Every structure is written in structure tokens, then in C-alpha cells.
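Student: Can we go through this protein together? I'd like to start with the rings and then move on.

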Amino acid sequence: MAKPQGPAQPSAKLQALLKDFQQIASMSGYLNHSFDPPQLRLFFTLYGRVMLESPVEGLVLTPQLQAWCEALSNRLREGSSGTIMQPQVQVSAPQVMPDGRDYLVATLTFNTKVTETSYLRIRTAILAAYKDAVRMREVGFSALAEGDEPIPNEEPPTEYPGASAESEP
């Protein structure tokens, strides 16, 4: 009589990929996940925050933040060859931080399935999006409008995270 098998366990490589995506998401958001071997399902939340001089400035910047979100959504889809599902975007009304400063925040939620073969293009697209969010948080729209270019996509790594040095030729 055969022993009943439990659910398939994720490979060590998928577990290493999850850690890499969790590290990226910690830049400006968070990540939920589930394993569905041979793939990893990822559910991202990315925050784009802009500090304001006043709540009135927030009302003026809201369309610009919405446009930024739409451009970022398109780059995510194109950069991942369509494997990242269309992000859902929500732009808040101007809010006040506990220290009295005003800010505006956009939330992008999106999901994707990652396999060992689709990892690099998805990672590159997501890393670029989170870097753009960090940059906007640090310099705001005014510096970006004055000619700062968006952060270019960086070259993807040549191997997967967690790969040992022994596997190199």
C-alpha cells in the first residue's frame, strides 16, 4: 500500500527566489506569497509617497501621481513580458503625518507567478518599479520634473540568488 503524499514542497531555488523578492519589496511596500509548485505566486503592494508643502499642493499633484502610477504599471507589464498582471492603483487624498507634514500616497497592488525560468525578467521589472518608488519618495516630483531621469533598468544578474560559487565554471 502506497503512502499518501502531502502537497508538493517548493524547491530550494523557489524558496531562494522568494527571499530575493521579499528583499526587493521591503524597499517601498510589502509582499504576500504562496507556493504552488513548480511556481511561486507573489502578491505585491508598492507605495509611492510624495511630501507636500500644503494639502492644496496635494490636490494639484494628484493627477501627476496618477500618471506616474499608470506609467509604472505599463513598465511593469512590458518589462515582465506580460507575466505581471495589470496593477490596481489607488491614490489617496492628501494626509497629515504625526509630525504635521502633509503627504500624498499611491498604492499599487499587483501579482504574478514566478517559475525558475521567468524569474529574471520579472525580478528586473519589479526591482526597477520599487527603485522608482524609493526615488520619488526621496526627491519628489519637483526634482524629477527638473530633468532627473527615471532609474534605468539595471542589468539582470547572471545567476539565481542562493546559487553556490561551486556551480560556476
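Tutor: We will take the rings, then the core, the charged pairs and some backbone details. This is a predicted model, where local features need pLDDT of at least 70, side-chain atom pairs count only at pLDDT 80 or more, and totals for chains, interfaces and linings use all residues. Residues are numbered from 1 along each chain as its sequence is written, and side-chain values use heavy atoms, with hydrogens and water left out.

Student: OK. How many aromatic pairs are there?

Tutor: Five aromatic pairs. The rule takes rings of Phe, Tyr and Trp (its six-membered ring) with centres within 6.5 Å; planes under 30 degrees apart count as stacked, over 60 as edge-to-face and the rest as tilted.

Student: What kind of pair do Phe 21 and Phe 44 form?

Tutor: Edge-to-face. Their centres are 6.0 Å apart, with 70 degrees between the planes.

Student: Where do those two sit in the chain?

Tutor: Phe 21 is in helix α1 (residues 12-25) and Phe 44 is in strand β2 (residues 39-52). That is 23 residues apart, so the pair links distant parts of the chain. Helices (H or I, at least four residues) and strands (E, at least two) are DSSP runs, numbered from the N terminus.

Student: And Phe 44 with Phe 110, what is that pair?

Tutor: That pair is stacked, because the ring centres are 5.0 Å apart and the planes are at 15 degrees. Phe 44 lies in strand β2 and Phe 110 in strand β5 (residues 102-114), so this pair ties together parts 66 residues apart in sequence.

Student: Are Phe 44 and Phe 110 buried or exposed?

Tutor: Phe 44 is buried, at 1% relative accessible area. Phe 110 is buried too, at 3%. Buried means under 20% relative accessible area, exposed means over 50%, and partly exposed is in between (1.4 Å probe, protein chains only).

Student: Which residues do the ring pairs link into a cluster?

Tutor: Phe 21, Phe 44, Phe 110, Tyr 119 and Tyr 130.

Student: Now the core. How many residues are in the largest nonpolar core?

Tutor: It has 35 residues. A nonpolar core is a set of buried Ala, Val, Leu, Ile, Met, Phe, Trp, Tyr and Cys residues joined through side-chain atoms within 4.5 Å. Phe 21, Phe 44, Leu 46, Trp 68 and Ile 126 have the most contacts inside this core.

Student: Which element gives the most to this core?

Tutor: α3, with 10 residues. Each of α1, β2, α2, β5 and α3 (119-145) supplies at least two.

Student: Back to Phe 21. What does Phe 21 touch?

Tutor: Leave out residues up to four places away in sequence, and Phe 21 touches Leu 31, Leu 42, Phe 44, Val 114, Tyr 119, Ile 122, Arg 123 and Ile 126. Contact means heavy atoms within 4.5 Å.

Student: Next topic, charges. How many salt bridges are there?

Tutor: Four. A salt bridge is a side-chain nitrogen of Lys or Arg within 4 Å of a carboxyl oxygen of Asp or Glu.

Student: Which residue meets Arg 123 in a salt bridge?

Tutor: Asp 20, at 2.6 Å from N to O. Arg 123 is in helix α3 and Asp 20 in helix α1, 103 residues apart. Arg 123 is buried at 14% relative accessibility, and Asp 20 is buried at 9%.

Student: What about Asp 132, which residue is its partner?

Tutor: Arg 75, with the closest N and O atoms 2.9 Å apart. Asp 132 lies in helix α3 and Arg 75 in helix α2, so the pair ties together parts 57 residues apart in sequence. Asp 132 is buried, at 7%. Arg 75 is partly exposed, at 36%.

Student: And Asp 36, which residue does Asp 36 meet?

Tutor: Arg 41, also in a salt bridge, at 2.9 Å from N to O. Asp 36 is partly exposed at 31%, and Arg 41 is partly exposed at 27%.

Student: Last topic, the backbone. Which peptide bond is cis?

Tutor: The one from Pro 37 to Pro 38, with omega near 15 degrees. Most peptide bonds are trans. Pro 38 lies in the loop between β1 (29-36) and β2.

Student: And Ser 81, is its phi positive or negative?

Tutor: Positive, about 55 degrees, although Ser 81 is not a glycine. Ser 81 is in the loop between α2 (55-79) and β3 (88-91). Ser 81 is exposed, at 56% relative accessible area.
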